[in-house]
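Take a look, then work through the questions below.

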Amino acid sequence: ACCALKKNWLVQHRIAAALNFAAWAAEQLMRAAILLLAVTLIGLQVRLWVGMGSMHEIKELEGQISVQTAENDHLRVRNELLRAEVQDLRGNLDSIEERARNELGLIRRGETFFLMVDEAS
């Protein structure tokens, strides 16, 4: 009976040790998983706020897009005005004459040029 009790106690002790080891291993695994998740979360946060593709860079690029869009709209209007002016100059001799008079000082033969001077100047 004494040997049976010792043997029973030894088996129970080994089972308890195995359970303690399993609990310790599970705890270590849980700590490692938590650490891995924390490192991953920190890495994602850093990428979100700093560097290529970050929120700051996206806002900066959106601002550049707005500026470029406004400039493109302005240039589109200017191009339309120039296109209309070219069409007008191609088909209308009066437009060519008006432009030559205003920009180049054209005076026809037989015309008299009068220069009006404002006295306030």
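**Salt bridges and overall shape**

The side chains of Arg31 and Glu27 form a salt bridge, at 2.8 Å from N to O. Keep in mind that this is a predicted model.

Q: How many residues apart are Arg31 and Glu27, and which helix holds them?
A: Their side chains meet in a salt bridge. The two residues sit about one turn of the helix from each other. That puts Arg31 and Glu27 4 residues apart, in helix H1 (residues 2-49).

Q: Is Glu27 buried, partly exposed or exposed?
A: Buried needs a relative accessible area under 20%, and exposed needs one over 50%. Glu27 has 40%, so the label is partly exposed.

Q: Which helix holds both Glu80 and Arg83?
A: Glu80 and Arg83 pair up through a salt bridge of 2.6 Å, N to O. They are 3 residues apart, about one turn of the helix. The helix in question is H2 (residues 55-91).

Q: Is Glu103 buried or exposed?
A: Glu103 makes a salt bridge with Arg99 (3.1 Å, N to O), and the pair is separated by about one helical turn in helix H3 (residues 93-104). Arg99 is partly exposed at 31%. Exposed means over 50%, and Glu103 comes in at 55%, so Glu103 is exposed.

Q: Which residues are linked in a network of salt bridges?
A: By the salt-bridge rule, the count comes to 8. Some of the residues involved are joined in a network. Its members are Glu97, Arg101, Arg108 and Glu111.

Q: How far apart do the centres of the positive and negative side chains lie?
A: The protein chain carries 14 positive and 16 negative side chains.

Q: Why is the protein chain called more spread out than a compact globule?
A: The chain has 3 helices and 0 strands, in the pattern α-α-α. For 121 residues the globule rule gives 14 Å, and the chain is well over that, so it is more spread out than a compact globule, with a radius of gyration of 44 Å.

Q: What percentage of the residues count as buried?
A: The C-alpha atoms fill a box of roughly 145 × 40 × 15 Å along the principal axes. The accessible surface is about 11500 Å², with 65% of it belonging to carbon and sulfur atoms. Of the 121 residues, the buried share is 2%.

How values were computed:
Residues numbered from 1 in each chain as written. Predicted model: local features only at pLDDT ≥ 70, side-chain atom pairs only at ≥ 80, totals over all residues. Heavy atoms only, no water. Rg over C-alpha atoms; globule rule 2.2 N^0.38 Å. Buried < 20%, exposed > 50% of the residue type's maximum accessible area, 1.4 Å probe, protein only. Areas by Shrake-Rupley, 256 points an atom, 1.4 Å probe, with all protein chains shown as cover. Lys, Arg positive; Asp, Glu negative; His and termini not counted. Charge placed at Lys NZ, Arg CZ, Asp CG, Glu CD. Salt bridge = Lys/Arg side-chain N within 4 Å of Asp/Glu carboxyl O.
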